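Subject: Handing over a structure

Hello,

Here is the structure I promised to pass on to you. Please open it alongside this email, and then read on for what turned up in it.

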Amino acid sequence: MQFTLSQKHEKDPRANRDAYVEAMLEMMAADPKLVHIDCDLMGCINTGKLLRALPNQVYNAGIAEQNAMGVASGMTAAGLNVFVHSFACFASRRMFDQAFLAAGYSNLPVHVIGSDPGVTAMFNGATHMPFEDCALYMTVPNAVVIDSCDYAQTRSLTEKLAQCGRPSYMRLIRKEFKTVYEDGADFEIGKGALLRDGKDVTIIASGVLVTEAIEAAERLKKDGVDARVIDMYTWKPLDEALILQAAEETGCIVTAENHQVSCGLGSAVANLLSLKHPVPVEFIGIQNRFGQVGPLDFLMEEYGLTANDIVSAAVRAVARKNGSHAVQ
């Protein structure tokens, strides 16, 4: 795996959705069997660009997500390579029965794209704010589950999903995000990315929490805590070797996700460690709550997803490792 970190983790002026669109446009032009299905959201994810360029390879299923998944599975069974998109709340809760049975049970490599995951749904509100979307797809045997963090990662992983030959779900931020990687970075499905080495604690993050984890590590360094940072963009299959190495070398873990901690990245990491290398684990993520309306900064604070929250969790984890109690 080769990737180059951006020197500045600032808001990217581009829309992350365009990384998916640009990757698909290039691949679809080269492969007439590669198609995109949307659920009346082409304006939201900018896939109208695909429709204008390649009208015979793009389909609008309308506001009928379950039917879209059934169609996608049928087209895949007939030999096409199919991506299907909706908002993450609909791409998971609404179409999951069809995804599990029509695609998963038949081991058909339908690639589901869920946009606006978790708090990034912002003003779409509580009903459109999915904190459990990855959890559903992680129950599908042989599936791939990805939480991408920025433009370069989304573009690379879209290309890799088209070749993976397995049912998949990738959640992606549509608009507001901070740059982590330089354009052209390359990623491998089933792996995590070591962003920063450290010996005292490991922060394992994904999606919108990656830049918060990097910032937290920088703050911890000033306080004498050397934090390792891993971007675990693939939740399934999990990069077990990277996690176990981190647990052995740093002795404690903090997970950070834009998702319910009881059934997402943190639980997957904890399950692995409990079996193979138990160490103290602290969890940053959604703590058994529903969504709500608000700007991203407010929601990050409201749900305890900020760099400050990660710092506090890291201090607790180190204290537990050392057999003392954190003063935070």
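Setting aside its neighbours within four places in sequence, Ala205 is in contact (heavy atoms within 4.5 Å) with Val210, Ala213, Ile230, Asp231, Met232, Ala256 and Leu265. Ala205 lies in strand E8, residues 201-205; helices (H or I, at least four residues) and strands (E, at least two) are DSSP runs, numbered from the N terminus. With a relative accessible area of 0%, Ala205 is buried. Here buried means under 20% relative accessible area, exposed means over 50%, and partly exposed is in between, using a 1.4 Å probe and protein chains only. Between the C-alpha atoms of Ala205 and Val144 there are 17 Å, and the two are 61 residues apart along the chain.

Before you go further, please note that this is a predicted model, in which local features need pLDDT of at least 70 and side-chain atom pairs count only at pLDDT 80 or more, while totals for chains, interfaces and linings use all residues. Residues are numbered from 1 along each chain as its sequence is written, and side-chain values use heavy atoms, with hydrogens and water left out.

Leu242 is in helix H10 and counts as buried at 15% relative accessibility. Beyond its neighbours within four places in sequence, Leu242 is in contact with Gly192, Ala193, Ile230 and Met232. From Leu242 to Ala270 it is 28 residues in sequence and 14 Å in space, C-alpha to C-alpha.

Asn258 is found in strand E11, residues 253-260. Its contacts, again leaving aside neighbours within four places in sequence, include Pro117, Gly118, Val119, Thr120, Phe131 and Arg171, and also Val208, Leu209, Ile286 and Leu305. Asn258 and Ala77 are separated by 181 residues in sequence and by 33 Å in space, C-alpha to C-alpha.

Now for a helix pair. Helix H4 (residues 65-77) packs with helix H6 (residues 96-105) at an angle of about 10°, their axes being 9 Å apart. The axes are lines fitted to C-alpha atoms, for helices over the stretch in contact, and the angles run from 0 to 180 degrees between N-to-C directions. H4 and H6 are therefore roughly parallel to each other; angles under 35 degrees count as roughly parallel, over 145 as roughly antiparallel, 65 to 115 as roughly perpendicular and the rest as oblique. H4 brings Gln66, Met69, Gly70 and Ser73 to the contact, and H6 brings Gln98, Ala99, Ala102 and Ala103. By class, these residues are 4 nonpolar, 4 polar and no charged. For the classes, Ala, Val, Leu, Ile, Met, Phe, Trp, Tyr, Cys and Pro count as nonpolar, Asp, Glu, Lys and Arg as charged, and the others, Gly among them, as polar.

On a 1 Å grid over the protein atoms alone, a cavity is a set of points where a 1.4 Å probe fits but cannot get out, a pocket is an open set with protein on both sides within 12 Å along at least five of seven lines, and lining residues have an atom within 4 Å of a point. Grid points are joined across faces, edges and corners, and a volume is the space filled by probe spheres set on the points. Met69, Ala99 and Ala103 are among the residues that line the largest cavity, along with Val110, Val112 and Tyr137. That lining has 9 nonpolar, 1 polar and no charged residues.

The largest pocket holds about 330 Å³ of space. Of its 21 lining residues, Lys178, Glu212, Leu296, Asp297 and Met300 are the closest to its centre. H9 gives the most to this lining, with 5 residues. The lining of the largest pocket divides into 9 nonpolar, 4 polar and 8 charged residues.

Finally, some backbone details. The peptide bond from Lys236 to Pro237 is cis, with omega near -5°. Asp116, a residue other than glycine, has a positive phi near 60°, and is buried at 4% relative accessible area. Asp40 also has a positive phi, near 65°, but is partly exposed, with a relative accessible area of 44%.

Enjoy exploring!
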